[in-house]
Structures are given as structure tokens and as C-alpha cells.
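Let's take a walk through this model, one piece at a time. Have the sequence and the 3D view open as you read.

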Amino acid sequence: MLNKFILIPLLFICAGTAQAEDVPIENINDRIFMTVSVPKTEVYLGERVPLTVKLFIAQLPMRNVQYPKMDKDGFGTDNFSQPRQYSQVLNGMKYDVVDFKTFIYPGRAGDLAVGPVKIEGGLLYKAQGRRRSGGVFDDDFFNGFFDSYQERPVTVNSQALHLKVLDLPPEGKPANFTGAVGQLDFKASISPAEVKVGDPVTLRMAISGEGNLKSIPMPVFNSNAVKTYEPQIKVEGNAKTLEQVIIPTGEKIIEVPPLYFHYFDPIDGRYKTLRQGPFPLKVTAPAPGQEFKAVGFTNLPQNNAQIQQVDYVQKYIKGPLEKLMALGKQPKFWLMLFGAGLLWGLWVLWMRFKDRLAKDTAFARRLNASRHAREGLNSAQKYLNTGEAREFYNAVFKTLSHYLADKFHKPAGSLSWDQAQGLLEQSKIPPEQIKAVKDLFDACDAVRFAGGRTNARRMGEDMAKLQAVIAFL
């Protein structure tokens, strides 16, 4: 197998007709390109293959970079993770790098084309004339700088990356193999290990490691000695878990049968089987009186039946009812009852809140938006105090874009100004606030990408504007 990285160069770039101020359009290919890489080009069917996409930008004012896009014919993919941004020197030139990572899963054997991969963004171009805004930033600096740049769409495309996908070998394939491929681990357990007939036992399984966990079936548990219920399965991070309730139906059960998990290891090139169990289980009969019985005395003499009926009514109905009526006359009872109800209600609200936090990602992001914004404002204030303009505007851009992304539940890396403007207008945000947001984005782009100059006074004004925008939203 090949273990070197495969680098795919830029195929072509499409941009608007306007010319950049410092770099002619025909020379942009030297300043912006993309690479696509995988650790190896010979892989197995269903194998988890890391895919890295890097966008290199040298001294070009680019903004609103979107997540990579590609056709998915013959393979599945995970979502791209949040991209990393850093600098790298190639052939004596310094590039800003946007690094995207994901995993692909080949779905058919043979030659498989991955891509072309496409990344879209916007390139700032110097406009031919200047316009007066008439607003608070109507001076030579802003009219001569912010308003003099326009954004033009730009698309970077790579060539297709070709993989040789090997079918899984028939040698050594287990009879119950269900298609799991990867470097995986399997664990299982039961609890409790001592129960009475009819009591529930929880069977737990977990598959973890590197593989397409979403598509890997969990081992199926079957036994005539227990009653089974529908399992609950979920995938979190690098693990897939299962919980299933089983109920022993007799006292003769001494164990839960073993469970087997079969998978193919692409590194070793062979099938592997993991076994868990058998699991010892002690099942006893219910204690006298604990089992459920229908009230009836057809097999008893009439007098004994009447006596037992009277005892039953006295013990289980009349006696407890009299005690409850006596408690109802005491104020402490009602206070305790009210307190218990209040605590129960608070607990229910808290559990619903936690459940919503876990299930409603948009709600959780909106809830944390202000906290993240405070952290971003503190970072921006630190750079404002030290006079580091580029770092200050990096912090302002990150704080504002992430705040808007959290508020509207959008990926921070893919929220363009056009999208942000549309969302703000839909939320009926006043035009002056929308303009303030746009001015902040423009100020950040001008200093971060176009080399614009600024001073402490303007940085202070932008800091105040950022605080006001976040406070209003």
C-alpha cells in the first residue's frame, strides 16, 4: 500500500471581472490554491479514510470562505469539522491556510473518484470610485478605504482524487459478519446480577474506535429464557452504545449467553471476533406476598373466604385510609405535601431544561452566546490595550461572527455577510444596527486582509460599537 500523502493542485479559479488593486486577475493562481490529501490511496471497502482539504491564500483579501463541497458518488462522508487557520511558508512565500478535515467511507470496490472538491468565497477588489455614506464614518479614512472595496465571488476547484478500493476478502469471513470495518473495540455488561423472577435487567453494549459507527450494526441479543424489549441505541463521539431491558422468566436461568462482535481490521487485513460474556445471573423466586395475585377465594370454604376478605379490607384499605384522614387534619402534613410538590415541580423543570440543552442544539447555542461573547470582548479589550491592531480585529471578527452564528444556529465558518444581513432583517433588527454590524465586518476585513491602517481612536470606536451591537442583540 502507499503511505505517502497525495497533494492535488489547483485546477482553475473563477472570479468576477473586476481587477484586484495590487494583483492582476491573471496572477491570482499564484496567490490562491487548494490541496486535497488522504493518508493512502489503496483502501478497503467501508474503511474510514481521513480526508484533508487545505486552502492556501497569499496576500489576498478573501472573506466568507465556505465549507468544501463535492459530489458523493460511491462513498459516504462525515461533516467537515471546524477548520483550523494558521500560516505556512511555501517556496519563500507566506500563505494563510484554512485547514478542513473529515472522513470518507468508500461504498463500492474498484476505482473511486473523490471530488473535484470545490471551495467558494469572496475576494475584495478595489473599486474605481468613492462614495459618501453620510453616516458617522463619513471621513477620508472610511470613504477612502472601507467603501472603496467590493466583494466578488471566487471559486477554487481541485482535480479528482482517485482511490483504489479493495473488496473485503472472503478468507476467514465469519458467518455472522455484518460489514463492520475499522479498528474497533467491543464491551458488554449486565446489571444487576441478582434479581427475582420478573425483575428487569439492563444489558449494555458499546462499540468504540475508528470506523463508520453510524452504519455498524450492534450485536443482536436473542434468548428464549428472557423477555426482551426494544433497545435504545445512540452514537456519541467515538462510541456507539446500546441499552436493552431483559426480564428473566424463570428461576433456572444462571447466565446471560455470550455476545460476539465480528469486524474487519483494515490495518491487519483480517477479520477479528470479540466476545463478551457469558454473564452470571442469579434469579430467585419472589418472596411470599410480593408476587401479584388476583383477589379470589373460590377454592376456600365460605367462612374462611369471608374472614380473609375482611382482613384484606381492614389491612390494605380501611386502615391506611384512616391514617391518611388523621394526617390531613395536621397543618404540618399539608406543608410537607406542598414542599414535596414544589421540589418535584422544580426537579421536573430542571430535567426538562437539561433534556432541552442536550437535544436542542440551537437553544444551547443561544443560551451560551452571551457567555462566549463576553469572552471574546475580553480578548478584544486585551489587544486594544496593547495596541495590536491585527489581533484586535481578528478578535472582533471572531466574536461578532460566532455570536451571530450562535444566535441564529448557523456554522460560524459558513456565515457570510449576505446570510447575516438576511437573518438580521428577518428578525426585524433596526437598519442602524444592521449597518453597524456591516461596518464592523468591513473594518475587520480591511485591517485583517487588505493591510489597512488604523489607530487607537478608531479601534476604541469599533470596540464600543461591538459592545453596543451585542448588548442590543
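Where does Pro278 lie? Pro278 sits in the loop between strand E21 (270-276) and strand E22 (279-280). Helices (H or I, at least four residues) and strands (E, at least two) are DSSP runs, numbered from the N terminus. The peptide bond leading from Gly277 into Pro278 is cis, with omega near 10 degrees.

Before going on, a word on the ground rules. This is a predicted model, where local features need pLDDT of at least 70 and side-chain atom pairs count only at pLDDT 80 or more, while totals for chains, interfaces and linings use all residues. Residues are numbered from 1 along each chain as its sequence is written, and side-chain values use heavy atoms, with hydrogens and water left out.

Another cis peptide bond joins Gly115 and Pro116, with omega about 5 degrees. Pro116 belongs to the loop between E9 and strand E10 (118-126). That brings us to E9 itself, which is part of an open three-stranded sheet in the order E3-E12-E9, with mixed pairing. Strand E3 (42-44) and strand E9 (110-114) are the edges, each pairing on one side only. Two strands pair here if DSSP finds at least two bridges between them. On average, neighbouring strands of this sheet are turned by 40 degrees against each other, direction ignored. E9 runs antiparallel to strand E12 (residues 161-166) over five bridges, and Gly110 stands opposite Val165 in E12.

Now look at strand E2 (residues 32-37). Six of its six residues are buried, so E2 is largely enclosed by the rest of the structure; buried means under 20% relative accessible area, exposed over 50%, and partly exposed in between (1.4 Å probe, protein chains only). Ile32, Met34 and Val36 point one way, Phe33, Thr35 and Ser37 the other, and all are buried. E2 is joined by six bridges to strand E4 (residues 49-57), running antiparallel, with Ser37 opposite Thr52.

Strand E13 (residues 182-191) is another story. Gly182, Leu184, Phe186, Ala188 and Ile190 make up its covered face, whereas Gln183, Asp185, Lys187, Ser189 and Ser191 form an uncovered one. E13 pairs with strand E15 (residues 201-211) in the antiparallel sense over 10 bridges, and Phe186 of the covered face stands opposite Ile207 in E15.

On to the helices. Helix H5 (residues 389-408) packs against helix H8 (residues 456-472) at about 10 degrees, their axes 11 Å apart. Axes are lines fitted to C-alpha atoms, for helices over the stretch in contact, and angles run from 0 to 180 degrees between N-to-C directions. H5 and H8 are therefore roughly parallel (angles under 35 degrees count as roughly parallel, over 145 as roughly antiparallel, 65 to 115 as roughly perpendicular and the rest as oblique). Helix H7 (residues 431-448) also packs against H8, at about 135 degrees with axes 10 Å apart, which makes H7 oblique to H8. Gln433, Ala436, Val437, Asp439, Leu440 and Ala443 of H7 meet Asp462, Lys465, Leu466, Val469 and Phe472 of H8, contact meaning heavy atoms within 4.5 Å.

Asn64 has phi near 55 degrees, a positive value in a residue other than glycine, and counts as buried at 17% relative accessibility. Asn91 has phi near 50 degrees, but at 86% relative accessibility counts as exposed.
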